[in-house]
Amino acid sequence: MRRAILAVSVLVASAMVFHGQTPAPVAPDRALLNQYCIGCHSERLKTGNIVLEKLDPTAPAGHIEVWEKAVRKVRAGMMPPAGAPRPTRAVLDAFAGRLEGALDREAAAHPNPGAIALHRLNRAEYSNVVRDLLGLEIDVTTLLPADDSSEGFDNIADSLRISPALLDGYVTAAANISRLAVGDPGIGAVTATYRAPGGLSQTSHIDGLPLGTVGGMQTRHTFPLDAEYTIKVGGRGGGGGIGAPARDSAEYVELTLDGERVKVFEMGGRGGTEIKLPVKAGPHTVAAAVLPGSSPGINELWKNMGGSPGVNNIVIVGPLNPTGAGDSPSRQRIFSCKPTAAAEEAACARKILSGLALHAYRHPPTEAEMTTLLQFYTSARTGGTFDSGIQRALARMLADPQFIYRFEREPVAVKPGATYRINDLELASRLSFFLWSSAPDDELLQVAASGKLHEPVVLRAQTQRLLRDPKSKALVTNFAGQWLMLRDLKAATPDTRGFDENLRRAMARETETFFETIIREDRSIRDLIDGDFTFVDERLARHYGMTGIRGDRFRRVTLSKDDPRRGLLGKASLLLVTSVTNRTSPVARGKWILENILGVPAPLPPPNIPALEEQDKASAEPGSIREKMELHRKSPACASCHKIMDPIGFSLENFDLVGRWRTMDGKSPINASGQLVDGTQLNGPDTLRAALLGRFDVVARTLSEKLLTYGVGRAMRSPDMPAVRAITRGAAKDNYKFSSLILGVVSSDTFQMRRKAAAAN
């Protein structure tokens with residue numbers, strides 16, 4: 001087909017010369033398209049639903065989406081497809097650069113920063129705002145349902161819809177939180193049970209518990225009132241398991257409150273041991289751990305039986321015999337004044353509620369908003385107390401749409417379809433929810449209220465301040481937790497010996513600490529691919545085959561140039577969540593890297609393709625995963641997709657399903673070789689790492705797009721790609737430091753502007 005097109009072109013040109021006409025020269029980009037692309041992307045074939053035959057790459061207007069798809073594929077080395085003729089990398093990069101320039105000029109001439117749907121707080125944001133507003137730590141998973149995800153994140157406005165049931169949940173949550181925050185004297189005794197995770201080995205010291213102890217667990221509990229509370233510790237040796245231990249192998253447990261010893265007692269019998277003690281209102285850390293040497297031989301007994309001794313649960317009952325609301329952190333945060341006479345109450349109530357509303361609503365409350373809150377205060381104060389009035393008004397505040405939603409109002413003077421800059425208070429919310437997953441603090445609100453936040457120097461300073469603050473760890477737990485699939489780690493149940501909850505926790509902590517170090521030290525994001533350090537404790541070091549690491553303390557270790565653990569590719573957490581229950585998955589690993597590192601959507605599988613497990617059953621010999629995949633790829637319908645993803649996944653086959661290094665898959669030697677679409681040869685994780693570094697501009701662009709998606713809270717569209725490229729180019733000038741990407745996101749028009757919706761017909 002391609003030869004036929006070229007032959008026709010030659011004949012037409014010859015005829016024109018014969019008749020005395022000089023053929024018009026073909027532009028180089030048009031010639032490249034004719035030679036390498038039109039054979040598939042013609043009007044007749046329309047491969048991938050993309051037609052380039054009549055499009056002009058120098059004038060992309062009207063076809064932005066098509067050309068942006070082309071740029072993405074060419075930059076990632078995915079086009080021309082595997083097996084097809086292709087020009088040199090330099091020629092393709094030059095073509096992509098010219099096309100990007102045309103697209104960027106078109107975007108500058110016709111800016112379109114898009115618009116965001118009404119943005120509801122997700123569960124993590126709701127919890128963080130309550131924490132920062134009221135000094136109250138709450139577990140929202142018991143109050144609100146899980147949020148839907150889109151584009152890989154659960155803070156995308158379009159997916160954060162509300163229902164009558166969810167609205168009822170917010171009202172109930174607001175009532176419960178306000179009672180706990182104020183210290184409602186009517187709070188009755190409740191039972192809270194905290195359980196040690198299943199599979200947690202307690203045969204050695206657990207990080208966070210008192211030094212010198214073995215096993216155990218700790219929990220953070222908010223005690224609502226100054227009162228007595230019953231604390232009960234359940235042991236694994238009683239209440240199940242092997243029953244009560246014999247007297248000569250008694251197990252002693254140390255109970256601590258905020259690190260201070262409360263009591264040492266003997267575990268025994270099915271009921272465990274309980275103690276009643278007075279506790280001040282507020283959040284406290286309750287811990288129980290086994291004292292070593294108190295159970296001669298019992299650790300060895302449990303190891304032989306495949307179990308472990310230690311603590312199974314902590315149960316807290318109360319408040320009992322309350323003496324008052326106390327002076328909890330939440331009361332300190334709420335009661336900025338305390339009236340001493342009835343005449344002072346109205347003014348004090350206004351001061352308290354206006355201060356809370358400023359942070360809850362993320363703007364100075366209007367007089368109408370204050371009137372509503374004061375009406376709720378008055379209705380509860382009549383016949384009640386000052387505290388009960390504040391509590392009722394606070395419950396109303398936490399159920400207000402101004403609290404639950406992040407409103408960005410369209411200016412009346414702006415014409416429909418026109419672009420405009422959001423106001424500084426709205427910009428403050430975007431910034432704080434991006435970096436903190438929470439509301440702006442006092443300083444940020446003050447700067448925004450002064451009207452100076454949008455000024456580049458001021459915005460840069462505030463962004464850097466927020467990034468340095470410990471609350472920016474939200475980027476680890478929420479952004480990286482989803483991008484790197486760390487949240488999925490909790491549900492992973494690998495069918496392999498030696499895996500337990502301790503190892504799961506260590507895997508998560510390694511990757512979280514690795515990512516947080518890049519933020520805190522403002523390192524180049526190249527470390528994500530080739531970082532020469534990681535963090536391990538003894539459990540994870542043993543899993544990796546590292547020597548000389550003792551104890552449960554996580555420490556930083558330097559990795560050699562050829563160490564397979566360098567960067568994200570060697571992190572066991574990522575390798576586990578991209579495997580299946582009983583084996584590795586080259587497809588899942590390849591797909592994750594394709595989509596999340598190279599930024600190219602993986603092709604969808606055709607319908608009615610049998611799963612690999614079905615083919616396994618039909619095979620007489622078990623074989624290696626690679627051998628099974630080769631059978632799977634014999635179908636032409638399968639091969640077109642798998643030849644893109646599988647070579648990436650095969651290069652990681654030396655890592656088993658839980659990330660251990662191996663040289664054999666069953667009885668077959670590991671074959672980690674393969675070839676990328678662009679012809680790059682792979683043979684193990686070091687070659688994949690080198691290939692990604694060779695296209696690091698693509699890697700940086702993908703991370704820029706992910707951060708912009710997460711920061712704005714909506715899917716990126718073709719008109720947003722020039723902004724993504726600008727962020728990446730700016731970061732490249734600063735050696736791709738993490739802060740340079742964040743500053744690029746925050747300073748972009750996509751982050752600071754909106755497009756007003758067109759008028760309804």
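Two strands pair if DSSP finds at least two bridges between them. That rule is needed at the second stop of this tour, which goes through a predicted model.

**The whole chain**

Start with everything selected. The protein chain has 761 residues, and 51% of them count as buried. It contains 29 helices and 18 strands. Among contacts with a separation of 6 or more, 71% are between residues 24 or more positions apart.

Next select residues 251-257, which form strand 5. Strand 5 runs antiparallel to strand 6, and seven bridges join the two. Which residue of strand 6 is the bridge partner of Glu254? Pick Val264 to see that partner.

Now widen the view to the open sheet, where four strands stand in the order 3-8-5-6 with antiparallel pairing. Strand 3 (214-223) and strand 6 (260-267) are the edges; each has a single partner strand, so one side of each has no neighbour in the sheet. From one strand to the next, the twist averages 20 degrees.

**Helix 27 and its surroundings**

Move to residues 721-732, which make up helix 27. Its twelve residues span 16 Å from first C-alpha to last, close to the 16 Å expected at 1.5 Å a residue. Which residues of helix 27 are buried? They are Met721, Pro722, Ala723, Val724, Arg725, Ile727, Thr728 and Ala731. An α-helix has 3.6 residues a turn, so residues three or four places apart point the same way.

To see what the buried residues of helix 27 pack against, show helix 3 (64-75), helix 4 (89-109), helix 26 (696-712), helix 28 (738-747) and helix 29 (749-752).

**Gln752**

From that group, go to helix 29 and select Gln752. Is Gln752 buried or exposed? Its relative accessible area is 6%, so Gln752 counts as buried, the cut-off being under 20%. A polar atom of the Gln752 side chain lies 3.0 Å from the backbone oxygen of Val746. Leaving aside residues up to four places away in sequence, Gln752 touches Arg421, Ile422, Leu427, Arg430, Leu459, Val746 and Ser747.

**Two cis peptide bonds**

Select Met79 and Pro80, which are joined by a cis peptide bond with omega of about -5 degrees. Pro80 sits in the loop between helix 3 and helix 4. Then go to Gly318 and Pro319, where another cis peptide bond has omega of about 10 degrees. Pro319 belongs to strand 9 (residues 311-324).

**Two asparagines with positive phi**

Select Asn49, in the loop between helix 2 (28-36) and helix 3. Asn49 is not a glycine, yet its phi is positive, at about 65 degrees. Asn49 is exposed, with a relative accessible area of 72%.

The last stop is Asn735, in the loop between helix 27 and helix 28. What is the phi of Asn735? Phi is positive here too, at about 55 degrees, although Asn735 is not a glycine. Asn735 has 45% relative accessibility and counts as partly exposed.

Note on methods: Residues are numbered from 1 along each chain as its sequence is written. This is a predicted model: local features need pLDDT of at least 70, side-chain atom pairs count only at pLDDT 80 or more; totals for chains, interfaces and linings use all residues. Side-chain values use heavy atoms; hydrogens and water are left out. Axes are lines fitted to C-alpha atoms, for helices over the stretch in contact, and angles run from 0 to 180 degrees between N-to-C directions. Buried means under 20% relative accessible area, exposed over 50%, partly exposed in between (1.4 Å probe, protein chains only). Contact means heavy atoms within 4.5 Å. The expected span of a helix is 1.5 Å times one less than its number of residues. A polar contact is a pair of N or O atoms within 3.5 Å; within protein, one must be able to donate a hydrogen and the other to accept it, and residues adjacent in sequence count only if both atoms are side-chain atoms.
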